[in-house]
Amino acid sequence: MASSCQNLIAALKDCLKYSDCVMKDGHKPSECLKEHFNELPEECQNLRKATFECKRGMLDMRKRFRGNIVGSQFEYTPREPPPPPTASQTPDLNSFSTKPTISSTMTDSTKPFVLYFAGTPNGFMPTVLLEELKAINPAVDYDVEKIDISKNIQKEPWFIKLNPNGRIPVLVDRSRNNFAVFETAAIILYLAQHYDKDFNFWFNPATQPDDYSEMLQWIFFAHGGVGPMQGQLNHFNKFAPVDIPYAKKRYLDETKRLFGVLEIRLQDRDWLAGPGRGKFSLADIKTVPWVRIYKFSGIENLDEWPNVKVCCHNLFRVMRMEFHGKIGLGGPL
Ligand SMILES: N[C@@H](CCC(=O)N[C@@H](CS)C(=O)NCC(=O)O)C(=O)O
């Protein structure tokens, strides 16, 4: 039976897959059929009815051994996925309580960037740098699209086109043909390369190769170490459906060990990279948003790592807090 109706079923599946109910509202196709049938496009509703008729017809045919079945000759070529939505077509994301640079009419926006964001350490890394760059050059402005990661918006097909890894943050550079960048370290390096030509927050690879290399080393250390380990610690502490003491201890110990590595680096300097006592750079922007949430991660205080504590406070001292205060990033916890 199913094989004879399979083209109709395939067409229905595609119709649902690209409907607003799935793409924008984040429902499963089965939920759309059951609970939101009347909101579906007429095409999907008709396909659903035709599929139903087809299956019923096949049953009748089996009973009666006769006749062609409506739908069994239905031709269907799988459809091309729709183009990625414009920012204003993205799901109705929880807007911020205050909306400083966040535009609800983003298609009209002339700001060069759109940042797909959630209020997590990874989300804040690009905003820290963007705010710094904007303070130097107001043309470096951006819209923020908040992604509700609890609703898996970041796994929807339109988002996967921007970031196949299905995670925030993603930066889209409208001024460079909507070039999309994912992975926090790649995003901040991209911003520096194109929009910090004076090397305010990084080092010139040609004239300061060692400082540049050291900055990269600390960026990679945070990207491959602090972030993933502290992220797992948070998962097993706060979100895992089962209590696994071994995992909690393993990631707590590892996070503390990594804080210890930062402590060694910071014992005679203020910032992770740069000559002398260092310079506030991408390396700190990449690292401190993680350290900052130590309490959330179950670490009572930073007393064991006094220089890390100072660096954490330093970052919040130099950071432009007006915007970050509004989107919920206070100072160090
Ligand atoms: N390595 C990635 C990690 C990004 C990441 O883990 N993002 C989290 C929020 S902090 C996320 O999107 N989680 C939702 C999910 O995994 O589906 C980066 O640095 O950008």
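**Notes on the fold and the ligand shell**

1. Helix α5 (residues 121–136) lies across β1 (113–117), β2 and β3, and runs at about 150° to β1. Here axes are lines fitted to C-alpha atoms, for helices over the stretch in contact, with angles running from 0 to 180 degrees between N-to-C directions. Helices (H or I, at least four residues) and strands (E, at least two) are DSSP runs numbered from the N terminus.

2. Some words on the source are needed before going further. This is a predicted model, in which local features need pLDDT of at least 70 and side-chain atom pairs count only at pLDDT 80 or more, while totals for chains, interfaces and linings use all residues. Residues are numbered from 1 along each chain as its sequence is written.

3. The secondary structure of the protein comes to 12 helices and 4 strands. Of the 333 residues in the protein, 35% are buried, a residue being buried if 20 or more other C-beta atoms lie within 10 Å of its own, exposed if 12 or fewer, and partly exposed in between, with C-beta atoms placed from the backbone. Among contacts in the protein with a separation of 6 or more, 65% join residues 24 or more positions apart; two residues are in contact if their C-beta atoms, placed from the backbone, lie within 7 Å.

4. The strands form an open sheet of 4 strands in the order β2-β1-β3-β4, with mixed pairing, where two strands pair if DSSP finds at least two bridges between them. Its edge strands are β2 (142–146) and β4 (179–182), each of which pairs on one side only. Neighbouring strands of this sheet are turned by 20° against each other on average, direction ignored.

5. Both senses of pairing can be followed in the sheet. β1 and β2 pair in the parallel sense over 5 bridges, and Val114 stands opposite Asp143 in β2. Strand β3 (residues 170–173) and β4, by contrast, run antiparallel and are joined by 4 bridges, with Val170 standing opposite Phe182 in β4.

6. How many residues of β1 are buried? The count is 5 of the 5, so β1 is largely enclosed by the rest of the structure. Both of its faces are covered, with Phe113, Leu115 and Phe117 buried on one side and Val114 and Tyr116 buried on the other. In β2, too, 5 of the 5 residues are buried, so that strand is largely enclosed by the rest of the structure. The buried residues of β2 are Tyr142, Val144 and Lys146 on one side and Asp143 and Glu145 on the other.

7. Helix α9 (residues 245–266) and helix α11 (residues 306–318) pack at an angle of about 80°, with their axes 7 Å apart. They are therefore roughly perpendicular to each other, the class given to angles of 65 to 115 degrees, whereas under 35 counts as roughly parallel, over 145 as roughly antiparallel and the rest as oblique. Phe259, Leu262, Glu263 and Leu266 of α9 make the contact with Asn307, Val308 and Cys311 of α11.

8. Around the ligand are Ala118, Thr120, Asn122, Ile149, Gln154, Gly166, Arg167, Ile168, Glu183, Thr184 and Gly227, a residue being near a molecule if its C-beta atom, placed from the backbone, lies within 6 Å of it. This shell has 3 nonpolar, 6 polar and 2 charged residues, where Ala, Val, Leu, Ile, Met, Phe, Trp, Tyr, Cys and Pro count as nonpolar, Asp, Glu, Lys and Arg as charged, and the others, Gly among them, as polar.
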